[in-house]
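Hi there,

Here is the structure I promised to pass on to you. Have a look at it first, and then read on for what turned up.

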Amino acid sequence: MQRPASVRNGRRRYAPVRAVAAFLAAAVALGLGWAVLSLPEPATGLTGRVAAEMGNSGVSHPVTAVLLNFRGYDTLLEIGVLLLALVGVWSLRLSPARRSAEAARTPVLGYLVRLLAPLIILVTVYLLWAGSQQPGGAFQAGAVLAAAGELLLLAGFVRGYFRRAWILRLALAGGFGVFLAIAGGLALFGNDLLEYPEGTAYPLILLIEGALTVSIGFTLAALFFGSPPEAVAERAAEDEA
Amino acid sequence: MNVLLDVISAGLLIAGAFFFLAGTVGLLRFPDVYNRLHALTKADNLGLGFVVLGLALQSGSWAVALKLLFIWLLVLIAGASAAHLVAGSALRDGVRLWERR
Amino acid sequence: MSTGLVFDALLAGALPLLTWRVLAARELFTSVILFIALGLLVSLAYVRLAAPDVALAEAAIGAGVTGALLLDTLARIGEWRRGGDDDAASG
């Protein structure tokens, strides 16, 4: 579909504003380029300090160590933001999009999804497990899991809500909940916030990452689907009536 | 032996790139959706096969080569299914087949 | 002139060009498809910057989830414009 008329007609009227915006954007880009190019040559940064502490971090991949150990607080808040985004989308109370007529559906989509969904779950677990030694980790695994969820929703294998609503809510809030519980529990027992006790870093990180993966997968798939369970149940009731 | 391997790999990669180029030219120049799907799916899958073969020769281990082959198979299946679904959707929307005039 | 530099230069040139095409496309559908392609190029850029984790995340989320989300949004806008549901605030 075309862009709305207000946008198309506004192009001529607001040309000077757009020119100024383009100039400012180009100036920022050039400034960034100059700043990056004038960084000192042997890169001074936190790489050395991270590498020095890797033995205490419980994992052998520096990115995972930074995300879940050294800067775990940031990751905790990121998951909270993701959950908030879903709450925002759900507050719009969209009804599920109308699917096209059943006659148009070919069996090919079903075969494809039946083949891909288990493979995707395999890749999810692999990315999660390998994240402690290689590129991978909870976010990547969660995003891949969300793809499986989207495929299942598009092919009609799942309906967008569970008959027992608590399953969906547990899956969505579980990641943030587990992370917060561990962080709070550690703080209660005398450590600083998110300071893992000696030797428990690896199992705790694995537990947190597992819960995060499931949560991120369900949250992103729910963002894609858009309708809260109540709206899906409403539509189902309407269609039967 | 290594030089021969590199030359063969390079040749396969160039062949793959050629097929991708052909697929893209088809995407840009063919007259309707169905023709473009033909060009894209077939040429791109074949091109990917050549690229995978060239990379597998360079990989140096059977495990990596098998993984690459598996990736190619998955792309084959997904690409063909996606083309089928797009064509079905276009037919349902009433896009008419191009006739040579 | 190493091949790495040529590839980087091509990528660095393609990114602003593709971004311009995304914003200037006549149809919203074209914009969304080009946005998915842009996600792929950005993922390649992250690989060249030696950040494979970010590249994985960008490919999965930026191209996969966000692309599907935008396409679904387009479908809902189309349905809303055609006067789809009678629901007051939803579409």
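Please keep in mind that this is a predicted model. Let's begin with one residue in chain A: Thr213(A) has a relative accessibility of 3%, so it counts as buried, the cut-off being under 20%. You will find Thr213(A) in helix α9 of chain A, which covers residues 201–225.

What surrounds Thr213(A), once its neighbours within four places in sequence are left aside? Its contacts are Thr124(A), Leu128(A), Ala138(A), Ala141(A), Gly142(A) and Leu145(A). The side chain of Thr213(A) also has a polar atom 2.8 Å from the backbone oxygen of Glu209(A).

Next, the charged pairs. Side chains of opposite charge can pair when their charged atoms come close. How many salt bridges does a search of the whole structure find? Over all chains, the search gives four. Here are some of them.

In chain A, Arg169(A) and Glu230(A) form a salt bridge through their side chains, with 3.1 Å from N to O. Arg169(A) belongs to helix α8 (residues 165–188) and Glu230(A) to helix α10 (residues 229–240), so this pair ties together parts of chain A that are 61 residues apart in sequence. Arg169(A) is partly exposed at 43% relative accessibility, and Glu230(A) is partly exposed as well, at 33%.

Chain C has a salt bridge between the side chains of Asp8(C) and Arg48(C), at 2.7 Å from N to O. Asp8(C) sits in helix α1 (residues 3–24) and Arg48(C) in helix α2 (residues 28–48), so the pair ties together parts of chain C that are 40 residues apart in sequence. Asp8(C) is partly exposed, with a relative accessible area of 28%, and Arg48(C) is partly exposed at 40%.

Another salt bridge in chain C joins the side chains of Asp72(C) and Arg76(C), with 3.5 Å from N to O. How are these two residues placed along helix α3? Asp72(C) and Arg76(C) are four residues apart in this helix (residues 52–81), so about one helical turn separates them. Are they buried or exposed? Both Asp72(C) and Arg76(C) are buried.

Now for the rings. A pair of aromatic rings is described by the distance of the centres and the angle of the planes. There are two aromatic pairs over all chains. In the pair of Phe18(B) and Phe19(B), the ring centres are 5.7 Å apart and the planes stand at 65°, so the pair is edge-to-face. Phe18(B) is exposed at 53% relative accessibility, whereas Phe19(B) is partly exposed at 23%.

Phe19(B) also pairs with Phe50(B), and this pair is stacked, with 5.4 Å from centre to centre and 10° between the planes. Phe19(B) lies in helix α1 (residues 2–29) and Phe50(B) in helix α2 (residues 33–59), so the pair ties together parts of chain B that are 31 residues apart in sequence. Phe50(B) is partly exposed, at 25% relative accessibility. Through these ring pairs, Phe18(B), Phe19(B) and Phe50(B) are linked into a cluster.

One more thing to look up in chain C: the charged end of Arg21(C) sits over the ring of Trp20(C), at 5.1 Å from the ring centre.

Enjoy exploring, and write back whenever you like.

Best wishes

Notes: Residues are numbered from 1 along each chain as its sequence is written. Chains are lettered from A and ligands numbered from 1 in the order in which they are written. This is a predicted model: local features need pLDDT of at least 70, side-chain atom pairs count only at pLDDT 80 or more; totals for chains, interfaces and linings use all residues. Side-chain values use heavy atoms; hydrogens and water are left out. Buried means under 20% relative accessible area, exposed over 50%, partly exposed in between (1.4 Å probe, protein chains only). A polar contact is a pair of N or O atoms within 3.5 Å; within protein, one must be able to donate a hydrogen and the other to accept it, and residues adjacent in sequence count only if both atoms are side-chain atoms. Contact means heavy atoms within 4.5 Å. Rings of Phe, Tyr and Trp (its six-membered ring) pair if their centres lie within 6.5 Å; planes under 30 degrees apart count as stacked, over 60 as edge-to-face and the rest as tilted. A charge sits over a ring if NZ of Lys or CZ of Arg is within 6 Å of the ring centre and within 35 degrees of the ring normal.
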